[in-house]
Amino acid sequence: MSISQRQRPLYEVKANLFKGLAHPFRIRILELLSTEPEVSVAALQAATGLEASHLSQHLSVLRRHRLVVSERRASHVFYRLTDPAVARLLATARELLLEVVADDGALLIDARSLPRIPEIPGSAR
């Protein structure tokens, strides 16, 4: 089955969503944002260890792909997930990760030691 001209833009948006997720630091940023209603840039920088310019670039990609939104308050900028579905996607990805590395003892141990992703209502976890 081919993709119709009407469907193609939808598949492009979907592919771009995955491009937004296609970096380890962006996934970690999203995981951090899934733990709180909002997180300051300073807290994200401290948690990731990224230089401000690199963090800014990653946050820009996440904003461009509509995974996060930002809000400036005085001299601070706060980020939050655009939708709880982003957190559910991360939880599902974590489940898949555990399945993929299940046969590799060292990777499985490392995967199980990753920071906890909170329970998300409506999640299959």
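Predicted model: local features only at pLDDT ≥ 70, side-chain atom pairs only at ≥ 80, totals over all residues.
Let me start with where helix 2 touches helix 3: Phe25, Ile29, Leu32 and Leu33 of helix 2 meet Leu44, Ala47 and Thr48 of helix 3, where contact means heavy atoms within 4.5 Å, and helices are DSSP runs (H or I, at least four residues) numbered from the N terminus. By class, this contact has six nonpolar residues, one polar and no charged ones, with Ala, Val, Leu, Ile, Met, Phe, Trp, Tyr, Cys and Pro counted as nonpolar, Asp, Glu, Lys and Arg as charged, and the others, Gly among them, as polar.

Residues are numbered from 1 along each chain as its sequence is written, and side-chain values use heavy atoms, leaving out hydrogens and water.

The axes of helix 2 (residues 24-34) and helix 3 (residues 41-48) come within 11 Å and cross at roughly 125°; axes here are lines fitted to C-alpha atoms over the stretch in contact, with angles from 0 to 180 degrees between N-to-C directions. The two helices are therefore oblique to each other, given that under 35 degrees counts as roughly parallel, over 145 as roughly antiparallel, 65 to 115 as roughly perpendicular and the rest as oblique.

Turning to the next pair, helix 3 and helix 4 (residues 52-64) pack at about 110° with axes 10 Å apart, which makes helix 3 roughly perpendicular to helix 4. Here Val41, Leu44 and Gln45 of helix 3 contact Ala52, Leu55 and Leu59 of helix 4.
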